[in-house]
Amino acid sequence: MSELEKISITLGKFNQSHVLQFWDELTEEQKTILCCDIKEVNVAEVCSYFQKAMETLNEDQSKLDDRMEPVPPELYGGVVRSSPDELKSYEAEGLQQISEGNVGVLLMAGGQGTRLGVLYPKGMYDVGLPSHKPLFQLQAERIRKLEDLAYDRTGKRSSITWYIMTSEATMDATEEFFKEHNFFGLNKNNIVMFEQGLLPCFTFDGRIIMDEKWKIARAPDGNGGIYRALRDKNILDDMENRGIKFLHAHAVDNILVKVADPVFVGYCVKKNAECGAKVVDKASPQEAVGVICKVDGQYQVVEYSEITSKTAEKCNSDGKLTFSAGNICNHFFTTEFLRKIADKVESNLQLHVAKKKIPYVDVNGQRHKPERPNGIKMEKFVFDVFPYADRFVIWEVKREEEFSPLKNADTAEKESPTTCRKDIFSLHRSYIQDAGGFVETNGMAVICEISPLVSYAGEGLDKLVSKKKFKSPVLLRSAQEETACSNGCTK
């Protein structure tokens, strides 16, 4: 039996014979592309995914409110919930783990800046800071500074390995960007890039959509695809070989993210957690963020659209929202937990369905771009593993210090380059004033930026700013950066 006959039988078994309907019209190169697509998607597996996804879509969620409970206080730590001594002990633990090479960073960077109006990876975006540093550079420099802080604290130097999950659409551009910028001063051997997987798009009645006569329509499998990719791309093997025990995972678009945050890492390690999540207090009952809670006794994220206004507005006796733990895609995992998920749980993770307008080839071989949703894309979410954690904790942070995502162009009112700039300027001005300095406003909006190479989170500024007045715009750079700029750089 030929390979084509085997493929044809498999497709027929799952009612997908149309995938080969234009076979006789294809060139040899196109036939090769199509065969590769079919092998890569694993027809039996993805068809079972479709069935599971549609069952989830049709589930009755009307009584979800009655099944929800807030996270118990004993699992709920946070910056404002901890004493200064506790915070210092968590930070010391985190820095110790970093100095021993036990900590890695897992960056989810598969998205393009489509909503921002650009067609390149979002991590390359420059929001317009005085330094014009893009998101990737800000995060890279925070890693560099943190390695120095860990060395200063412990006398032992080690590296933080940076794992970056890209997508098919962003991999090449991301790799080239890092090379062009000399890996932002990091050791290139400690930056490991890999692609997330793709899943076929389906019509509502379960037929795989063809993007071209010789190509299956596929889409990234969501940030929850990270678990499958960690296994299939041998990234977990790399982590284990490097001796990495703990991972800080986060999305690329949060300009305020504390990469490998030693306080968060230290808290999770001290609590012996295998999985942890950072949260912010919801700004209002109607804020469009998911909340972390217990449903039927298991921890999970419930999206804002899945609960009624009555439940969203429910308050405790102190007036605080009962379900206030806003999810910000910022997590802690042990490598051991990730291995368990990848090897034993990944295939059982929930599938989420998005109805989309998906370009397709009709029965006559003509390609169309539909004006209304004509099919579904399936994806998994990174937080879908929470129910499988035996030891789960939450760490609450201040929104103004740690959460300002970049999602929209400046035509939007929030989560835009303008809001990201304002949040950076406000935070960095507070760092200067907390260290005894003063930033004059003169009735104008403050522009204030501190390089991550100068300070990771406001530490060490006293000798630079104490009893000094600064006029906006303020840009504090490291001596190395000042020297580079005096030699002709424009940043």
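Strands β13 and β14 (residues 298-302) form an antiparallel pair over five bridges, where pairing requires that DSSP find at least two bridges between two strands, and where strands (E, at least two residues) and helices (H or I, at least four) are DSSP runs numbered from the N terminus. The model is predicted, so that local features need pLDDT of at least 70 and side-chain atom pairs count only at pLDDT 80 or more, while totals for chains, interfaces and linings use all residues. Residues are numbered from 1 along each chain as its sequence is written, and side-chain values use heavy atoms, with hydrogens and water left out.

- All five of the five residues of β13 (residues 291-295) are buried, so the strand is largely enclosed by the rest of the structure; buried means under 20% relative accessible area, exposed over 50%, and partly exposed in between (1.4 Å probe, protein chains only).
- In a regular strand the side chains alternate between the two faces of the sheet.
- Both faces of β13 are covered, with Val 291, Cys 293 and Val 295 buried on one side and Ile 292 and Lys 294 buried on the other.
- Cys 293 has Gln 300 of β14 as its bridge partner, and in the hairpin of β13 and β14, which has two residues between the strands, Asp 296 takes a positive phi near 55°.
- Strand β1 (residues 68-69) also pairs with β13 in the antiparallel sense, over two bridges, and Met 68 stands opposite Val 295.

**Asn 327 in strand β15**

- Asn 327 lies in strand β15 (residues 325-334) and is buried, with a relative accessible area of 13%.
- Leaving aside neighbours within four places in sequence, Asn 327 is in contact (heavy atoms within 4.5 Å) with Val 289, Gly 290, Ile 292, Val 301 and Phe 383.

- The domain assignment, automatic or from a database, gives domain 1 (3-56), domain 2 (60-407) and domain 3 (418-476).
- The centres of domain 2 and domain 3, taken over C-alpha atoms, are separated by 28 Å, and 25 residues of domain 2 are in contact with 18 residues of domain 3.
- Domain 2 and domain 3 bury about 1800 Å² between them, 69% of it on carbon and sulfur atoms, buried area being the accessible area (1.4 Å probe) that two parts lose on being put together, summed over both.
- On the side of domain 2 that touches domain 3, α6 (135-154) and α13 (399-402) each supply at least two residues, and the largest share, seven residues, comes from α6.
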